[in-house]
Amino acid sequence: MSEQSAHSKYEFKKSLEELRTKKGRGTELISLYIPPTKQISDVTSQLRTEHGQAANIKSKVTRDNVQGALESLLSRLRYVEVPENGIVFFTGAVDIGANKTNMETRIVEPPQPIVTYRYHCDSAFFLEPLEEMLKDAKTYGLLVLDRREATVGLLVGKRIEPSRNLTSTVPGKQRKGGQSAHRFQQLRLIAIHDFYKRIGDAASEVFLTIDHKDFQGVLIGGPSPTKEEFESGEFLHHEIQKKVLGLFDVAYTDESGLSELVNAASDRLADIDLMVEKKLMQRFLTELVADSGKAAYGEVQVRENLNIGAVEVLMISEGLRAERLTLKCPNGDYDNAITRNFKPGEEDTSNIPCPVCGMNVELVERVDIVDELSELADQMATQVEFISTDFDEGSQLLNAFGGIVAILRFSTGV
């Protein structure tokens, strides 16, 4: 994913998180989805009809808020040009606490085309169509097995989802007294065949539910010769059997084996975003452990290296929500910039005290850290990558390194 599209996806995701926090007191929040094929004249005609019908709302407050939101939409639609993917308006009286509301409007240009026109009025904004656009539909079937256990799962985008776990009744190689070696071996082979059939049935049930347009193939892992026996025995449904991409050696056959399988198949999956991100994080961790001086982490260290053009790759966690606040004391005792993490929809900074006199400071400027560092990276021809938290190294980036790390072009000593 290019830096621009990755950053756009980050901003889109952040916008949805903020919209998710907005609540109305009744059915006062309007969500308006306009596809590129919809005539604006038709939209305004419906909104005028809705405005007239809103006059019948018994509660004066709700009636005024709904009609106010509709009037705001109608005034904006006079000048709107619908982009090629369509446009979405979110308008309404948002509850801000202390028995107060604030009329807010957010306009979102979706990353994918809107298919259906929709007018929706509720106590929360209707976000499901946009949230679906965030999902990576590319899916791989995962299967790890030996003669004792098997686990079926999916790799959906960057996320591994375990689906089924099976255990066998295959007897060990040591036979009980009184049994002939031949009969024992026959019973064992029957039990193995039955277990393989159970695995195939379970895997086929999981994999056949996936839309064929999104289903990229199946990866099978396990020790030799088990995985080869299973694959050659054609225990999978014939449509799934054609989708097998390869067999890979793995040591574990529980849920952890699914992650091991994805790592083992890294060359086969080299082009998917998950493996690109994994390799970048592994490269950063290798430089860090080697103490080469070419790994930096944390906002301060990374910012200093960006300023001197030393950063080759800037990696930012998709889960990072941080802002830089420039604060000033009304008495002139304090003037400084601080960085703080924030929750989506959080705005209030009125209770930050001056460390000198104790008075509440004034907010002079608020800057999103991700926007600021991305812009600085652009100026320095630095590659920017946004890293998911859906895998171990990505989670480590956010939780252990503060969500910001860099691979340097050369050691700077910073």
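Helices here are DSSP runs of H or I with at least four residues, numbered from the N terminus. With that in hand, here are some exercises on this predicted model.

**Exercise 1. Find the helix that holds Q241, and decide whether Q241 is buried or exposed.**

Solution. Start with the position: Q241 belongs to helix α7, residues 238–241. Next, take the relative accessible area of Q241, which is 15%. Buried means under 20%, so Q241 is buried. Finally, look for partners: leaving out residues up to four places away in sequence, Q241 touches E231, E234, F235 and L236.

**Exercise 2. Work out how helices α2 and α3 are oriented to each other, and what residues make their contact.**

Solution. Two packed helices are described by the angle between their axes and the distance between the axes. For α2 (residues 40–54) and α3 (residues 60–77), the angle is about 160° and the axes are 10 Å apart. Angles over 145 degrees count as roughly antiparallel, and α2 and α3 are therefore roughly antiparallel to each other. Their crossing is left-handed. From α2, the contact uses I40, V43, T44, L47, R48, E50, H51 and A54; from α3, it uses R63, V66, Q67, L70, E71, L73, L74 and L77. Sorted by type, the contact residues of α2 with α3 comprise 9 nonpolar, 3 polar and 4 charged.

**Exercise 3. Identify the residues that touch the most other members of the largest nonpolar core, and the element that gives the most to this core.**

Solution. The largest nonpolar core has 28 residues, and L155, L269, F284 and M315 touch the most other members. Elements that each supply at least two residues include β5 (139–145), α8 (255–264) and β11 (311–317). Helix α9 gives the most, with 6 residues. Now zoom in on M315: beyond its neighbours within four places in sequence, its contacts include L280, M281, F284, I387 and L397. Another core, of 26 residues, lies apart from the largest one, and L143, A150, V218 and L236 are among its members.

**Exercise 4. Pick out the backbone features at P225, E234 and D291.**

Solution. Keep the background in mind: most residues other than glycine have a negative phi, and most peptide bonds are trans. The peptide bond from S224 to P225 is cis, with omega near 5°; P225 sits in the loop between β8 and α6. E234, in the loop between α6 and α7, has a positive phi near 55°. D291, in the loop between α9 and β10, also has a positive phi, near 55°. As for accessibility, E234 is exposed at 59%, and D291 is exposed at 68%.

How values were computed
Residues are numbered from 1 along each chain as its sequence is written. This is a predicted model: local features need pLDDT of at least 70, side-chain atom pairs count only at pLDDT 80 or more; totals for chains, interfaces and linings use all residues. Side-chain values use heavy atoms; hydrogens and water are left out. Axes are lines fitted to C-alpha atoms, for helices over the stretch in contact, and angles run from 0 to 180 degrees between N-to-C directions. Angles under 35 degrees count as roughly parallel, over 145 as roughly antiparallel, 65 to 115 as roughly perpendicular and the rest as oblique. A crossing is left-handed if the near helix is turned anticlockwise from the far one by less than a right angle, and right-handed if clockwise. Contact means heavy atoms within 4.5 Å. Ala, Val, Leu, Ile, Met, Phe, Trp, Tyr, Cys and Pro count as nonpolar, Asp, Glu, Lys and Arg as charged, and the others, Gly among them, as polar. A nonpolar core is a set of buried Ala, Val, Leu, Ile, Met, Phe, Trp, Tyr and Cys residues joined through side-chain atoms within 4.5 Å. Buried means under 20% relative accessible area, exposed over 50%, partly exposed in between (1.4 Å probe, protein chains only).
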